[in-house]
Amino acid sequence: MAAIPRPLCPPVAGHVPSPSWYGTARLAKAKAPQCPTCGAVFQTEHPAAPGYLNEQKWRQVNQANLAQGFPPIASAHQGRSAEIPALVAGGAHTGAAMDGKLLSDEAYLSAIRDIEDPILRAVAAGERDYPGDPQPTEPDNGADGEPDGESKSGDAAATAAESFDTLVAARLRRRAEQGRDRIVCQRCHSLKNYNRLERPWKEDVVSDPRALRFLRYKTGFIVVMVCDLFDIPGSLIPRLGEVIGERHPVILVANKADLLPRDFHKARVLAWFKRFAKSLDVNVRSIHLVSALKNLGTRELAADIVARRKAGQDVYMVGRANVGKSELINALLRISIGGSAHRVLSSHIPGTTMGLAGIPLRRFVKALVPAEGAPAQDRQASLYDTPGIFSSKSIVGYLTNDELDLAICRKRATPFTFLLGTGQSVLLGGLGRIDLVAGPARVCVTVFSAVRPHFTRIERADELVRRLQAGEQTVLRPPVGDSERLRWFPKQELALEHEFAGLHRRHATLDVVFAGVGWVAVTGEFPRAKIRVFSPFGAGVCVRPPMLPFEYQRLSGHMSTQRKTPR
Ligand SMILES: Nc1nc2c(ncn2[C@@H]2O[C@H](COP(=O)(O)OP(=O)(O)OP(=O)(O)O)[C@@H](O)[C@H]2O)c(=O)[nH]1
Ligand SMILES: [Mg+2]
């Protein structure tokens with residue numbers, strides 16, 4: 001595959017580089033305060049960058065840390081670190097005298113008790129049923145509502161106040177225990193609630209596997225290496241063993257199995273996948289096909305992790321960006337008792353996870369820890385989500401958010417089978433193109449991709465690509481956007497030229513893969529065919545043995561030489 005001669009995206013004016021890459025390496029040593037859902041180091045400097053907290057949230061993080069006995073945190077970004085203690089000390093919003101210190105637990109509770117307005121008091125205490133709410137309250141939970149001072153004697157009022165304290169303390173403890181009072185960074189908040197990012201995501205991706213190098217110097221852990229079944233071999237990290245060490249036990253997981261056709265032959269796909277696993281330089285102990293989103297195979301995976309993990313060992317999820325590591329952790333939490341409050345952030349934007357986000361293993365009761373609780377050795381053990389390693393060869397790297405929506409396969413892929421004649425071309429938007437330049441009159445091609453394929457003559461394909469590169473929107477989508485965006489979009493270049501013989505009339509001979517976008521299977525019995533494959537910068541294309549060699553039969557009844565584009 002050709003190397004990419006330029007950065008993934010044009011420079012952005014006023015952009016501040018993210019500290020994520022270095023943060024990841026550093027985090028292994030120094031425990032800086034992190035966002036619990038993406039692992040980014042908290043900061044108060046750059047609102048659009050990962051880990052940003054406003055001043056109020058920053059104070060709350062400090063208070064929560066202090067309540068748990070941690071020292072006050074300093075900003076990871078040194079620029080304003082001198083101001084931070086003052087900022088924290090300035091948190092006297094409850095009116096308690098603090099002499100430059102933070103509120104203790106008791107002071108916080110008494111400050112809450114002193115609030116006169118019952119509704120404000122309930123809000124401050126984290127109540128969900130506010131006094132005056134029309135919902136019925138539980139009959140045995142009278143202290144949950146407003147203690148009615150006027151109708152009580154002095155003793156009764158004191159008891160009510162005391163039980164209110166106990167209740168608030170218990171509730172705060174419970175919320176912290178359940179992870180419901182987590183404070184997340186602004187980036188996670190906007191990704192989770194609005195599914196968008198304010199700044200280009202490509203600025204934040206971790207593209208060097210050496211970010212995981214700290215694992216080389218650690219002992220006592222097991223690795224779960226996740227890859228995307230829809231993007232093999234693009235989602236494998238070829239020389240991971242050089243980075244993390246070759247001796248650590250690795251469980252290899254091919255995720256997103258739900259994207260394959262409904263009745264795919266599992267044993268055959270597993271055998272096919274094992275060939276790629278053999279080329280890895282890590283100590284692969286077992287292989288699983290799972291779907292984190294649909295909870296397929298996750299229980300078997302959990303049982304395998306339990307069987308292979310020794311007491312006290314940590315678990316690290318590693319893999320390329322967007323393969324579903326975080327979703328897999330959420331799937332394991334889903335099958336654990338009460339673990340859902342510790343969810344990590346998962347989104348279709350590559351580079352969602354920014355640092356090491358560790359979840360104590362005791363949160364995975366029933367999935368990774370026995371139902372009666374974690375054994376003593378496992379008290380300190382955690383399951384870590386790591387930032388995905390972005391592949392510079394992936395075509396996905398050139399796409400904007402809107403284009404990602406068109407290109408990334410999110411639901412079961414419907415294979416389209418067509419006859420491609422010599423001198424014809426099949427195009428996957430501006431992301432890939434295969435020309436059949438010589439060979440039999442026709443070959444069968446089956447497209448597995450979310451991008452709508454376009455079939456045409458080679459001369460017409462040349463013309464479409466030329467117009468696209470001149471900034472005109474054509475049927476080739478993605479890319480999408482104004483003419484400046486289309487002009488900027490990388491030019492299609494020759495990625496490979498391949499000559500092969502068709503082996504069987506009813507059996508695909510090979511897959512042509514466009515990393516991150518999908519693949520095209522070629523079927524037919526012929527002595528020789530020659531294809532030319534193009535992609536942006538000529539990157540991310542390879543040929544592999546067919547993954548689903550019999551799939552082309554599915555639509556053979558609908559096949560038509562007249563129909564140029566599938567409906
Ligand atoms: N169809 C399908 N989609 C999945 C599955 N698992 C994850 N996804 C989707 O893949 C996308 C990426 O998932 P993440 O969990 O954020 O991937 P990640 O590996 O943590 O990515 P980074 O944090 O960027 O390294 C999200 O849109 C998920 O919904 C799956 O099993 N099936
Ligand atoms: Mg992630």
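Predicted model: local features only at pLDDT ≥ 70, side-chain atom pairs only at ≥ 80, totals over all residues.
Figure 1. Start with Lys366, which counts as partly exposed because it has 15 C-beta neighbours inside 10 Å. Lys366 sits in the loop that runs between β5 (357-360) and β6 (382-385). You'll find Asn295 in the loop between β3 (283-289) and α10 (298-308). Asn295 has 14 C-beta neighbours inside 10 Å, so this residue counts as partly exposed as well.

**Figure 2. Thr298 in helix α10.** Is Thr298 buried or exposed? Thr298 is buried, because 23 other C-beta atoms lie within 10 Å and the cut-off is 20 or more. Leaving aside residues up to four places away in sequence, Thr298 touches Val290, Ala292, Ala331, Leu332 and Ile335. Take Leu332 from that list: 34 residues separate Thr298 and Leu332 along the chain, yet their C-alpha atoms are 6.9 Å apart.

**Figure 3. The open six-stranded sheet.** Trace the strands across in the order β3-β2-β1-β4-β6-β5, and you'll see that the pairing is mixed. At the edges are β3 and β5, each of which pairs on one side only. Neighbouring strands here are turned by 20 degrees against each other on average, ignoring direction. Helix α9 (residues 266-278) packs on this sheet and touches β2 (249-255) and β3. The direction of α9 makes about 150 degrees with that of β3. Over at the other pair, β5 and β6 run antiparallel and share four bridges.

**Figure 4. The largest nonpolar core.** This core takes in 123 residues. Which residues have the most contacts inside it? They are Val224, Met225, Val253, Val445, Val512, Phe514 and Val520. Strand β13 (residues 518-536) gives the most to the core, with eight residues. For a closer look, pick Val224: setting aside residues up to four places away in sequence, it touches Ile251, Val253, Ile305, Val315 and Met317. As background, nonpolar side chains in soluble globular proteins tend to be buried together. Across the protein, buried residues make up 40% of the 567 residues.

**Figure 5. Strand β9 and its two antiparallel partners, β8 and β13.** Strand β9 (residues 432-438) is mostly covered, with five of its seven residues buried. Strand β8 (residues 424-428) joins β9 through five bridges, running antiparallel. Within that pair, Val426 has Ile434 in β9 as its bridge partner. The hairpin of β8 and β9 has three residues between the strands, and Gly429 in this hairpin takes a positive phi near 55 degrees. Strand β13 also runs antiparallel to β9, again with five bridges. Here the bridge to find is the one from Ala438 to Lys530 in β13.

**Figure 6. The residues around ligand 1.** Which residues come nearest to the ligand? Of the 25 around it, Gly324, Ser326, Ser346, Thr353 and Gly388 do. Sorted by class, the shell has seven nonpolar, 13 polar and five charged residues. Helix α11 (residues 325-334) supplies the largest share of the shell, three residues.

Figure 7. Pro233 belongs to the loop between β1 (221-228) and α8 (240-244). Pro479 is in the loop between α13 (458-469) and α14 (483-488).

**Figure 8. Stepping back to the whole protein.** How many helices and strands does the secondary structure come to? There are 14 helices and 14 strands. Among contacts between residues at least 6 apart in sequence, 73% join residues at least 24 apart.

How values were computed: Residues numbered from 1 in each chain as written. Chains lettered and ligands numbered in written order. Buried ≥ 20, exposed ≤ 12 C-beta atoms within 10 Å, placed from the backbone. Core = buried A, V, L, I, M, F, W, Y, C linked by C-beta atoms within 7 Å. Contact = placed C-beta atoms within 7 Å. Pairing = 2+ DSSP bridges. Axes fitted to C-alpha atoms, helices over the stretch in contact; angles between N-to-C directions. Near = placed C-beta within 6 Å. Nonpolar A, V, L, I, M, F, W, Y, C, P; charged D, E, K, R; others polar.
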